[in-house]
Amino acid sequence: MPRAGLSRDAVVRLALEQVDAGGPTGLADLTLAKVAASAGVATPSLYKHVGSLAALRRHVAVVALGDLTAASAAATVGRSGPDALRALARTWRAYALAHPGRYAATQLAPDPDAPEEAEHREAGARVVALVGAVLRGFGLPDDRTVDAVRAVRAGVHGFVTLELAAGFRLPEDLDRSFDALVEMLVAGVAALADPSSSPAQEQP
């Protein structure tokens, strides 16, 4: 039956249900037609609430980024340095495994110049700021923080993406392997924070 009082928030909630139900491909498989069918309305009825599929995907990304930020903040509060980074990495992995479709949405990159994507940019910036705060607990100089954020994101994202795609076929325990990756990231960030670990500059 048609749903009374359809709104943007209601459409986004239905989209989130579709994304969650679809597993790792839930975001890629999201369509306005599927959301309209679950709402019991014709697809054109959605356009008064979301302008396009791209806009709906952005709204899903904003919710997912908010979820991930809240979970990360809760996991890292009261922690610092390596302990905070370990908690952050494990939280990201747990979120990705529990909500693979939403996790995929957190990887959507907003257009830095599009006014309609301001909310998406702000949601992404909050995640980056939280990660930056965690990594500054290592005593990183400002000019290496972005490098560390990118390295941590690439390491954790690469692992969980392979895990979600069943890319690890050897019998060794995945939790142990993930812990090994996290310890490598901890050591790498600590090295970035240590000026003495940088390669010596050759004298002219």
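In which helix is the place of Glu163? Glu163 has its place in helix α7, one of the eight helices that, with zero strands, make up the secondary structure of the chain; helices here are DSSP runs of H or I with at least four residues, strands are runs of E with at least two, and both are numbered from the N terminus. The model is a predicted one, in which local features need pLDDT of at least 70 and side-chain atom pairs count only at pLDDT 80 or more, whereas totals for chains, interfaces and linings use all residues. Residues are numbered from 1 along each chain as its sequence is written, and side-chain values use heavy atoms, with hydrogens and water left out.

**Overall architecture**

- Read along the sequence, the chain shows the pattern α-α-α-α-α-α-α-α, and its C-alpha trace spans about 70 × 45 × 35 Å along the principal axes.
- Of the 204 residues in the chain, 38% are buried, where buried means under 20% relative accessible area, exposed means over 50%, and partly exposed lies in between (1.4 Å probe, protein chains only).
- Among the contacts in the chain with a separation of 6 or more, 67% are between residues 24 or more positions apart, a contact being heavy atoms within 4.5 Å.

**Helix α7**

- Helix α7 has 23 residues and reaches 34 Å from its first C-alpha to its last, which is close to the 33 Å expected at 1.5 Å a residue; the expected span is 1.5 Å times one less than the number of residues.
- The buried residues of α7 are Thr145, Ala148, Val149, Val152, Gly155, Val156, Phe159, Val160 and Glu163, and what covers them includes α4, α5, α6 and α8 (174-193).
- Glu163 counts as buried because its relative accessibility is 17%, and, leaving aside residues up to four places away in sequence, Glu163 touches Arg93, Leu97, Phe168 and Leu174.
- After α7 comes Ala166, whose phi is positive, near 55°.

**The largest pocket**

- The largest pocket has a volume of about 490 Å³; on a 1 Å grid over the protein atoms alone, a pocket is an open set of points with protein on both sides within 12 Å along at least five of seven lines, and lining residues have an atom within 4 Å of a point.
- For volumes, grid points are joined across faces, edges and corners, and the volume is the space filled by probe spheres set on the points.
- The lining of the largest pocket comprises 20 residues, with Gly124, Val127, Val128, Val149 and Arg153 lying nearest its centre, and the elements that give two or more residues to this lining are α3 (53-76), α5 (100-106), α6 (118-136) and α7 (142-164).
- Helix α7 gives the most to the lining of the largest pocket, with seven residues.
- By class, the lining of the largest pocket divides into 13 nonpolar, five polar and two charged residues, where Ala, Val, Leu, Ile, Met, Phe, Trp, Tyr, Cys and Pro count as nonpolar, Asp, Glu, Lys and Arg as charged, and the others, Gly among them, as polar.

**The cavity**

- The structure holds one cavity of 30 Å³ or more, a cavity being a set of grid points where a 1.4 Å probe fits but cannot get out.
- The largest cavity, with a volume of about 30 Å³, is lined by Leu68, Thr69, Ser72, Leu88, Trp92, Val127, Leu130 and Val131, and the elements that give two or more residues to this lining are α3, α4 and α6.
- The lining of the largest cavity divides into six nonpolar, two polar and no charged residues.

**Individual residues**

- Thr91 lies in helix α4 (residues 81-98) and is buried, with a relative accessible area of 14%.
- The side chain of Thr91 reaches the backbone oxygen of Ala87 at 2.8 Å, and, not counting residues up to four places away in sequence, Thr91 touches Ala71, Ser72 and Ala75.
- Gly23, in the loop between α1 (8-21) and α2 (32-39), counts as buried at 14% relative accessibility.
- With residues up to four places away in sequence left out, Gly23 touches Pro100 and Gly101, while Gly23 and Ala104 are 81 residues apart in sequence and 9.6 Å apart in space, C-alpha to C-alpha.
- Pro115 lies in the loop between α5 and α6 and is exposed, with a relative accessible area of 67%.
- Pro115 and Ala71 are 44 residues apart in sequence and 28 Å apart in space, C-alpha to C-alpha.

How values were computed
Polar contact = N/O pair within 3.5 Å; in protein donor to acceptor, adjacent residues only side chain to side chain.
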